[in-house]
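Hi,

Here is the structure I promised to pass on.

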Amino acid sequence: MKSILPIRIFRVAERSMEPGIAEGSYVVVNCLARRYAPGDVVVLKSPESSSVLIKRIKMIAGGRLFVVGDNRDISRDSRSFGAVRPDSIIGKMMFVI
Amino acid sequence: MNMLRRIMEKADRMLGFPVAYAHCDIPCGIYDPYAAQVAAHTVVRMDMLIADVMKSGGTTAEDRNKIVRYVSVKEQHAEIVKHEITVIWGDYMKPEHAAANPGLQELVWSTLKLAGKAKQSTDIKDAEALLESVQKFAEVFWLTKNVPTTRAKSFYPTERTMVYPKV
């Protein structure tokens with residue numbers, strides 16, 4: 001699900017990426033990024049619904065990305081829905097506002 | 001609130017930026033590798049039972065029925081291993097655990113792979129490799145809690161090793 005826009009801005013809802021990315025902040029996302037590494041924060045299409053998620057890549061194995069929230073205690077992520085396909089990634093976060 | 005954020009908020013009101021959900025869930029804080037360990041023993045046991053049936057011929061309808069049931073249970077329990085290990089790895093383990101236990105990520109990865117291999121095969125060596133990998137994971141898990149462990153022969157018909165926390 002690649003965007004035709006190279007850079008997109010998303011508003012962050014909910015708290016599973018706190019403290020680094022607070023609810024209500026804005027993230028600037030590079031939608032042309034194709035290479036990902038553990039530690040990257042990515043915006044992705046949810047495998048469970050039509051919503052868009054923001055998570056951090058914890059591990060890449062077998063061509064799939066295991067993504068988790070920074071606020072581990074409350075985050076719903078790959079621990080629940082499994083590793084995600086690279087083509088579900090919309091883009092890589094560049095910075096937070 | 002800084003000026004840039006205010007500008008973004010105004011732009012958001014005008015343009016309506018899409019929302020990226022951090023997506024929360026309910027924490028429980030209860031973790032234990034025990035379920036994965038028992039499931040790995042079950043995988044070993046199913047291979048033992050399959051071998052028993054094959055020794056006796058394995059050709060009757062009753063034999064085939066048994067094998068289908070054993071394979072089904074083996075599949076389920078290998079999947080339980082994958083689920084339990086993944087939850088502990090993703091949910092409980094923190095970067096400091098990985099830093100303090102070099103090879104942890106490799107151990108997790110290989111355990112998941114071994115669970116897949118144990119599904120594909122009826123060779124008990126594959127099930128034993130999975131069992132050993134899960135026991136090692138259990139040792140690391142308890143180490144992160146500063147709980148000593150002991151290895152002992154299990155009380156299961158597999159008669160193979162189990163790692164127990166010393167409490």
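A word on conventions: residues are numbered from 1 along each chain as its sequence is written, while chains are lettered from A and ligands numbered from 1 in the order in which they are written. Please keep in mind that this is a predicted model, where local features need pLDDT of at least 70, side-chain atom pairs count only at pLDDT 80 or more, and totals for chains, interfaces and linings use all residues.

**Chain A**

Chain A has one helix and six strands. (Helices, H or I with at least four residues, and strands, E with at least two, are DSSP runs numbered from the N terminus.) Reading from the N terminus, the order is β-β-β-β-β-α-β.

Strand 6 of chain A (residues 89-96) runs antiparallel to strand 2 of chain A (residues 26-30), and four bridges join them. (Two strands pair if DSSP finds at least two bridges between them.) Val27(A) has Val96(A) in strand 6 as its bridge partner. Strand 3 of chain A (residues 41-45) also pairs with strand 6 in the antiparallel sense, over three bridges.

Of the 97 residues in chain A, 36% are buried. (Buried means that 20 or more other C-beta atoms lie within 10 Å of the residue's own, exposed means 12 or fewer, and partly exposed is in between; C-beta atoms are placed from the backbone.) Among the contacts in chain A with a separation of 6 or more, 51% are between residues 24 or more positions apart. (Two residues are in contact if their C-beta atoms, placed from the backbone, lie within 7 Å.)

**Where the chains meet**

Here 31 residues of chain A are in contact with 20 residues of chain B. On the chain A side, two or more residues each come from strand 1 (7-13), strand 2, strand 4 (52-61), strand 5 (64-68) and helix 1 (78-81). Strand 4 of chain A has the largest share, six residues.

**Chain B**

The largest nonpolar core has 30 residues, and Ala40(B), Val43(B), Val81(B), Ile85(B), Leu130(B) and Val134(B) touch the most other members. (A nonpolar core is a set of buried Ala, Val, Leu, Ile, Met, Phe, Trp, Tyr and Cys residues joined through C-beta atoms within 7 Å.) Helix 6 of chain B gives the most to this core, with nine residues. A separate core of 26 residues includes Phe10(A), Ile21(A), Val29(A) and Tyr21(B).

Two helix pairs are worth a look. Helix 5 and helix 6 of chain B pack at an angle of about 150°, with axes 9 Å apart. (Axes are lines fitted to C-alpha atoms, for helices over the stretch in contact, and angles run from 0 to 180 degrees between N-to-C directions.) That makes helix 5 of chain B roughly antiparallel to helix 6 of chain B; angles under 35 degrees count as roughly parallel, over 145 as roughly antiparallel, 65 to 115 as roughly perpendicular and the rest as oblique.

For helix 2 and helix 6 of chain B, the angle is about 165° and the axes are 9 Å apart, so these helices are roughly antiparallel to each other. Residues making this contact include Ala40(B) and Val43(B) of helix 2 and Leu130(B) and Val134(B) of helix 6.

Cheers
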